[in-house]
Amino acid sequence: MGNRLICMTKKDKREIGSRSRRRGESSTARASQRKMATEEELLHRQALSMAIQQHQQLSQRFEGSMSRRIGSTSSRRTTVPDSVFKQALDLESIKIRKFVLIHGEGFGAWCWYKTIALLEEVGLVPIALDLMGSGINAADADSITKMADYAKPLVDYLQSLPEEEKVILVGHSCGGAVISHAIECCPEKVSKAIFLSATMVSDGQRPFDVFAEELGSTEIFLKESQFVMYGNGKDNPPTSLFFEKQQIKGLYFNQSTPKDVALAMLLMRPIPLGPIMEKLSLSQENYGKCKRFFIQTLDSHALSPDIQEKLVRENPPAGVYKIKASDHCPFFSKPQSLHKMLLEIAQIP
């Protein structure tokens, strides 16, 4: 059987070359997808490992009957050279050395792990608490209908302190309303309050009102939002709120590392609606006497810089600080900048 001579036209050659390139591109795309999937799986495994470690710390380490503290040398992810703060930081000038860190909606004490490590690095005492229905607190978000219930771990902790002891409160996002409630309940226990891109509301205002300009009226939001949950059935008022992963990433983590985002995706929980829909009662005699500070995050998508400016104008604090290129969660995206501002505020008489 003789050899066969195969003749190909230029068109045939182009088609074969095109198919070959498509196969090569397809192979490259599949390899890229496999690589991305592997990297994503690795991130989730790292975040899960971190979450397990922090849950163990939360369960083992506590101060007082209601407190939950995280952060130890084993959980530190960021090391700050001693020289960074020695010149600027006068530890002797910091009279109140205990920081009580209050997370925002959906978060838990776990979100402060970098801040805790940095504060401990310079000899201060950070305490991170889980609010009701948050972190490892066993309460169901759908069962929490009042701010007093939501903030109970913080108020109980403040009431458990020795008579003369005071703390610096730090509240993130809706945690701002929580520390406002706590100041009203225990004004003698709070030296300063720091609102971190937070709902620094006025008397008679609801935490939800702060977001109303972006989310719309309460009635429309509750009626049309696909993220509202009905723990007591559709015939009853909504009880909690939970965003999907893409919404969470876009709102909170537009500048955060993939590892921290993966951690948050694993640990964030539904947000109790009752407390953020409640009008706060804040008196001049209690809340009004506390020295307040506001830290703005200038690249936040959850609480825009314009809204943060409005909060500061309507309820002026003693001082305003700004973190550039930070999303809504600077404890993830800009931990060093946040740490520096916390120290600066702590040194103010």
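Biologist: At what angle do helix 3 and helix 14 pack, and how far apart are their axes?

Modeller: Two packed helices are described by the angle between their axes and the distance between the axes. In this predicted model, where residues are numbered from 1 along each chain as its sequence is written, local features need pLDDT of at least 70 and side-chain atom pairs count only at pLDDT 80 or more, while totals for chains, interfaces and linings use all residues. Side-chain values use heavy atoms, with hydrogens and water left out. Helix 3 and helix 14 (residues 335–347) pack at an angle of about 50°, and their axes are 10 Å apart. Axes are lines fitted to C-alpha atoms, for helices over the stretch in contact, and angles run from 0 to 180 degrees between N-to-C directions. Helices (H or I, at least four residues) and strands (E, at least two) are DSSP runs, numbered from the N terminus.

Biologist: Which word describes the orientation of helix 3 and helix 14 to each other, and what is the hand of their crossing?

Modeller: Helix 3 and helix 14 are oblique to each other. Angles under 35 degrees count as roughly parallel, over 145 as roughly antiparallel, 65 to 115 as roughly perpendicular and the rest as oblique. The crossing of the two helices is right-handed. A crossing is right-handed if the near helix is turned clockwise from the far one by less than a right angle, and left-handed if anticlockwise.

Biologist: Which residues make the contact between helix 3 and helix 14?

Modeller: Helix 3 contributes Lys114, Thr115, Leu118 and Leu119, and helix 14 contributes Pro335, Gln336, Leu338, His339, Leu342 and Leu343. Contact means heavy atoms within 4.5 Å. Sorted by class, this contact has six nonpolar, three polar and one charged residues. Here Ala, Val, Leu, Ile, Met, Phe, Trp, Tyr, Cys and Pro count as nonpolar, Asp, Glu, Lys and Arg as charged, and the others, Gly among them, as polar.

Biologist: How do helix 5 and helix 6 pack?

Modeller: Helix 5 (residues 152–160) and helix 6 (residues 175–185) pack at about 35°, with axes 10 Å apart. Their crossing is right-handed. Leu154, Val155 and Leu158 of helix 5 meet Val178, Ile179, His181, Ala182 and Cys185 of helix 6. This contact has seven nonpolar, one polar and no charged residues.

Biologist: Which residues of helix 5 are buried, and against what do they pack?

Modeller: Buried means under 20% relative accessible area, exposed over 50%, and partly exposed in between (1.4 Å probe, protein chains only). In helix 5 the buried residues are Pro153, Leu154, Val155, Tyr157 and Leu158. They pack against several elements, including strand 1, strand 2 (125–129), helix 4 (147–150) and helix 6.

Biologist: How many aromatic pairs are there?

Modeller: A pair of aromatic rings is described by the distance of the centres and the angle of the planes. Rings of Phe, Tyr and Trp (its six-membered ring) pair if their centres lie within 6.5 Å; planes under 30 degrees apart count as stacked, over 60 as edge-to-face and the rest as tilted. The count comes to 11 aromatic pairs. One of them joins phenylalanine 107 and phenylalanine 331, edge-to-face, at 6.0 Å centre to centre and 80° between the planes. Phenylalanine 107 lies in the loop between strand 1 (98–102) and helix 3 (113–121) and phenylalanine 331 in helix 13 (residues 330–333), so the pair ties together parts 224 residues apart in sequence. Phenylalanine 107 is buried, at 0% relative accessibility, and phenylalanine 331 is buried, also at 0%.
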